[in-house]
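Visitor: I would like to learn how to read the charged and nonpolar contacts in a structure like this one. Could you take me through them step by step?

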Amino acid sequence: MNADGRKRENAGMEDRERLIQLKESSGMNWKEFAEYFEIPYRTMQDWEHGKRSMPHYLLRLMEYKMRMEKLGGGHKSK
């Protein structure tokens with residue numbers, strides 16, 4: 001695998017970890033979390049387990065929505 005492939009893989013792992021932290025900060029379970037964002041539960045499971053990578057922009061939008069609605073941490077990007 002080349003350096004670009006490793007960067008994408010690492011970014012995917014970071015996004016996965018941020019998604020899990022975001023969900024935990026919300027106080028919701030995965031089903032409630034998926035319903036809140038109107039994202040299929042199976043898709044959330046795939047992102048959580050690393051079977052699929054979520055679009056980075058979507059994670060930022062989810063964090064923004066939670067911050068605006070004051071639901072949990074809405075982890076700030078570094």
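Guide: Let us begin with a term: a salt bridge is a side-chain nitrogen of Lys or Arg within 4 Å of a carboxyl oxygen of Asp or Glu. Please keep in mind throughout that this is a predicted model.

Visitor: How many salt bridges does the structure hold, and which residues are linked in a network of them?

Guide: There are five salt bridges in the structure, and a network of such bridges links Asp15, Arg18 and Glu63.

Visitor: Where do aspartate 15 and arginine 18 lie?

Guide: Both are in helix 1 (residues 3-26), three residues apart, which is about one turn of the helix.

Visitor: Why does aspartate 15 count as buried, and why does arginine 18?

Guide: The general idea is a cut-off, because buried means under 20% relative accessible area. Aspartate 15 counts as buried because its relative accessibility is 8%, and arginine 18 counts as buried because its value is 12%.

Visitor: Are lysine 65 and glutamate 69 buried or partly exposed?

Guide: Lysine 65 is partly exposed, with a relative accessible area of 30%, and glutamate 69 is also partly exposed, at 42% relative accessibility. These two residues form a salt bridge whose closest N and O atoms are 3.8 Å apart.

Visitor: Turning to the nonpolar side, which residues of the largest nonpolar core touch the most other members?

Guide: In soluble globular proteins, nonpolar side chains tend to be buried together. Here the largest nonpolar core has 15 residues, of which Leu19, Phe33, Phe37, Met44 and Met62 touch the most other members. Helix 1, helix 2 (30-37), helix 3 (41-48) and helix 4 each supply at least two residues of this core, and helix 2 gives the most, with five residues.

Visitor: What is phenylalanine 33 in contact with, leaving aside its neighbours within four places in sequence?

Guide: With those neighbours set aside, phenylalanine 33 is in contact with Leu19, Leu22, Lys23, Ser26, Met28, Met44, Met62 and Met66.

Note on methods: Residues are numbered from 1 along each chain as its sequence is written. This is a predicted model: local features need pLDDT of at least 70, side-chain atom pairs count only at pLDDT 80 or more; totals for chains, interfaces and linings use all residues. Side-chain values use heavy atoms; hydrogens and water are left out. Helices (H or I, at least four residues) and strands (E, at least two) are DSSP runs, numbered from the N terminus. Buried means under 20% relative accessible area, exposed over 50%, partly exposed in between (1.4 Å probe, protein chains only). A nonpolar core is a set of buried Ala, Val, Leu, Ile, Met, Phe, Trp, Tyr and Cys residues joined through side-chain atoms within 4.5 Å. Contact means heavy atoms within 4.5 Å.
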